[in-house]
Each structure stands twice: as structure tokens, then as C-alpha cells.
Amino acid sequence: MRRVLVVDDEENLRVVLRTLLRRHGYEVETAASGEEALALVDAFGPDYVLTDVRMPRMGGLDLLATLRAKHNDATVIVMSAYGNLDLAIEAMKAGAYDYVQKPFKADEVVLALRKAEERESLRRENRALREEIRKENRFEDILAKSAQMQEVFRTIAKVADYKTTVLITGESGVGKELVARALHRRSARGGGRFVAVNCGAIPENLLESELFGHRKGAFTDAVQDRRGLFEEASGGSLFLDEIGELPLGLQVKLLRVLEDERIRRLGDARDIQVDVRIIAATHRDLANETKAGRFREDLFYRLNVLPIHVPPLRERREDIPLLVDHFVHRNNGRLGTAIRGLDAEARRLLYEYSWPGNVRELENTVERAMVLTEGDLVTAVDLPERVREARDPVQMQLASGELSVKKTSRIIEEILIRRALTKTKGNRTRAAELLEISHRALLYKLKDYQITDL
Ligand SMILES: Nc1ncnc2c1ncn2[C@@H]1O[C@H](COP(=O)(O)OP(=O)(O)OP(=O)(O)O)[C@@H](O)[C@H]1O
Ligand SMILES: [Mg+2]
């Protein structure tokens, strides 16, 4: 049974409302003042507070403010006499759900309550739904709903507890570090430390002592013994970011550590046993690096036992709206802005852009737009030129509502031809093979589409 607390200094009205609402199936309590109402709320736990605005001492507005301050989320409906309409409006602004004007007919009050009830059940449903979606689309700090990323989530969960080395690959800004942290947290060693080192950012001579530590006097600046990151991460995980940049000399040493689980500080004569889970990441194609002689093949195979590939954002566009909402919400908290979101045009542009910088670029773009926008809604003009202009021609054609198969096919055909020529570095015979058309047909189409470069 829904509970209503009726607050009015007029006894008559309290009696009338109590009778009326009880008849409509509500459980009713009454209070003659704001103070009396406050004394009752906790014990009675009303779903609705139906209160007069103007009462001696504590009026309806103060009652509302006090309820909210106590984090009581009962739905408040105010009643006001004709002359006090401005007070009722003020109450609405302060978070009252509705108001009824006195004198009222019986069904007006009941109707206001029914309306509130409907909205409340909708709100509850929405909240449950949102919660559900949030749970499904989130893995630790990674937000994603695309099938590709759900697969990544499953893989992380599956491999987390093995001590096996994991190699995370993917373009810059796709979230490799987030995946590494999630993997660590989900593993049995999640309570241990997560130590990250960027192998590309530290000069070779320093990197070695950084990783393995050194003894006092091992080199000029080694004024005292120092533990390396392997020791720091013992019992936890060591994240070797940009492993593709690891100098060849250190690749040999790393391979040995992976095999023996022992390290030796620079200048030391003895080995130290370490218990570390290695997570490596790179934006490079390590197989290629291996062929080019820049990465040791044996280390590559040792690292590549459990690869996790994080696909670029443009291959999982379903994740874009989710990420945009998340960044808007988070930035509102951080920047103190009150942006409601993006208008349809801006949303579409973000959805269609190719995001060479992936999620990081999207994150920066949303933040920049939120700072630039004049209103409370981000629009297309707030987006950088590259996003506004780099519309995907196929998407544009489809969005235009054009139905001609011929015109649309031409757009796609031209894209495929350019792609094939890029791939074959301008070799037309091989391009024709890839396109599965004759050499002659290709020459004709090149002329037709006026493709001369390449
Ligand atoms: N799925 C995601 N959900 C929420 N935030 C994400 C997601 N993917 C990436 N981000 C955010 O995008 C930024 C880039 O992510 P991260 O640093 O993990 O990428 P990376 O692949 O390691 O990039 P790089 O190769 O440049 O080091 C971070 O701020 C991260 O929080
Ligand atoms: Mg990174």
C-alpha cells in the first residue's frame, strides 16, 4: 500500500484528505506543521508528501529542502491557494513533483498522486534497465558493448588466473592499458601491485637498471643498492608497455627472466627469485618486427602465448555512443559543466568518423567540445574540422535516402579500386586480381572515375 503524508495547518482539510485518500487505497498520516511532518517521516516512510506551501513557521518549501538534505526521496506535491502560485512554482523548481491549487476538487488530488505513481514506476524501471545495461557493458573500467569487445572481456576472464604472459596488441588509444589493469585486477594476484613501465620512454642504459635494479657502485650514478621493477612487482603484475620498443640487448635478458623467473641486479653476482606476471602491450605488429629483425623471434613466441587483440574503434562503432555518454557524464563531474549531451547531428558525426586515435581521441574530442560549446548541448560546430569533414562517403550516401543502386554502387566501387591500388602500391594487374575484375575493365574504370594518381 502506498503511503501519503498530508501536511496542512487546517484541520478540516487534513480530515477531508485523509478520508478521501484512504478510500482510494492509500495509507495516510497527517501532520499540522512542517516540524510535525519531519518528526513523522522516518517512522512512517511516506512515498508521497502532500503539503501546503504556506504554514506558520516551517512552510512547504523549507520542509522540501529539509527532506532533500536528509536524502529522503519521497515525492513531494505541494498545495497552494490561488494567491500563492509563485510559491508553488518555486517549490517545483526546488524539486517538488507537482502542485495542486486550492480549493481543489477531490479527483484533482487523486489524479496528481496517480500521475506521480506512474512516473515513479517508470523511473524505477529505467533505473533497473540502466543498471542492467551498465553491468553488461562494463568490465572493470572498460566500457564496451560490441561483440568484439565482449569477446575480449571473456578472454580476460578466462586467462586472468594463469600466470602465463599475455601480449595485448592494438592501435594507439584503443585501451590496451585498461585491458592490462583489468587482467591484473581479475587475477588471483589482483591484491598485489600493478607496476607499469613504458619501454619506449626510457633510454636503454637506464631501462636495464630500472627493470632489474642495481648494486651500489655498479655504475657511476649508482650510489646505493636499488630494487628494480621486477622486484617491485613481485607478487603482482609487471606491465611492459610498448614492448616493441625494447632494445634488442634487453630482449635477450627479458627472455631469460621469463624462462627462469630469476633476475640479477646490475653489478650483482647472485640471482634473485621473482614471482611476477608479465603483461606486455604494443601497437606494433610484432610478427612484422620479427621479420624485419627488430624483434627477437624467440621472445616473440614466448610473449605471444596468450595474445589479446583490442580492435580499433572504427571496427566497433556500437561502442561510440556508450563511450560518449560516459565521457559527457564524467566530464560534467570533473569540469563542473552541466552539458546534457550531444545533438543528433554531432552524435552522427562522432559515429561516422574513423578515429585514427581511437578512444583516446574520442575522449579528447568530447572534452574539447564540452568546453567550447555555448549552450548545454554539444552541436556539430563544437567538433574539430577533421571530424566534421571526414564523413564516410558510403554512410553519407546511405543517409541521404538515395535509392539508386547504380549511384550507390559507383561510390563503393571507387573506394574498393582506390583501396586495391593502395594495397598493391599502384600495380594495376595485381589490383585487378584483388578486385576480381579484368585488367581491361580496371583501366576503363580508372578513366571513368578519373583516378590518375598512384
Ligand atoms: N573501453 C573503454 N572504456 C572507457 N575508457 C576507455 C576505453 N578504452 C580506452 N579508454 C580510455 O582511453 C584512453 C586511452 O586508453 P589506454 O591508455 O588504455 O590506451 P592504449 O591502447 O594503452 O594507448 P597507447 O597505445 O597510446 O598507449 C584512456 O584514457 C582510457 O581510460
Ligand atoms: Mg598505453
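User: How many residues of domain 2 are in contact with domain 3?
Analyst: In this predicted model, 13 residues of domain 2 are in contact with 13 residues of domain 3.

User: And what area is buried between domain 2 and domain 3?
Analyst: The buried area is about 1,100 Å², with carbon and sulfur atoms giving 47% of that value.

User: What is the separation of the centres of domain 2 and domain 3?
Analyst: Taken over C-alpha atoms, the two centres are 33 Å apart.

User: Where do the domain limits fall?
Analyst: Domain 1 covers residues 3-132, domain 2 covers 142-311, domain 3 covers 314-391 and domain 4 covers 395-448.

User: Back to the interface: how many salt bridges cross between domain 2 and domain 3?
Analyst: The rule finds 1 salt bridge across that interface. Arg-314 forms a salt bridge with Glu-171, and their closest N and O atoms are 2.6 Å apart. Glu-171 is also one of the three residues named above for buried area.

User: How many residue pairs are in polar contact there?
Analyst: The count between domain 2 and domain 3 is 10 residue pairs, with both residues at pLDDT 80 or more.

User: Which helix gives the largest share of the domain 2 side?
Analyst: Helix H6, residues 147-159, gives the largest share of the side that touches domain 3, namely 3 residues. By class, that side of domain 2 has 7 nonpolar, 4 polar and 2 charged residues.

User: How many salt bridges does the whole structure have?
Analyst: A search of the whole structure finds 40 salt bridges.

User: New topic: which residues are the closest to ligand 1?
Analyst: Ligand 1 is surrounded by 16 residues, and the closest are Ser-172, Gly-173, Lys-176, Arg-360 and Glu-363.

User: What is the distance from the side chain of Ser-172 to an oxygen atom of ligand 1?
Analyst: An N or O atom in the Ser-172 side chain is 2.8 Å from an oxygen atom of ligand 1.

User: And which backbone atoms lie by the ligand's oxygen atoms?
Analyst: A backbone N or O atom of Glu-177 lies 3.1 Å from an oxygen atom of ligand 1. For Leu-178, a backbone N or O atom lies 3.2 Å from an oxygen atom of ligand 1.

How values were computed. Residues are numbered from 1 along each chain as its sequence is written. Chains are lettered from A and ligands numbered from 1 in the order in which they are written. This is a predicted model: local features need pLDDT of at least 70, side-chain atom pairs count only at pLDDT 80 or more; totals for chains, interfaces and linings use all residues. Side-chain values use heavy atoms; hydrogens and water are left out. Domain bounds come from an automatic or database domain assignment. Contact means heavy atoms within 4.5 Å. Buried area is the accessible area (1.4 Å probe) that two parts lose on being put together, summed over both. A salt bridge is a side-chain nitrogen of Lys or Arg within 4 Å of a carboxyl oxygen of Asp or Glu. A polar contact is a pair of N or O atoms within 3.5 Å; within protein, one must be able to donate a hydrogen and the other to accept it, and residues adjacent in sequence count only if both atoms are side-chain atoms. Helices (H or I, at least four residues) and strands (E, at least two) are DSSP runs, numbered from the N terminus. Ala, Val, Leu, Ile, Met, Phe, Trp, Tyr, Cys and Pro count as nonpolar, Asp, Glu, Lys and Arg as charged, and the others, Gly among them, as polar. A residue is near a molecule or strand if one of its heavy atoms lies within 4 Å of it.
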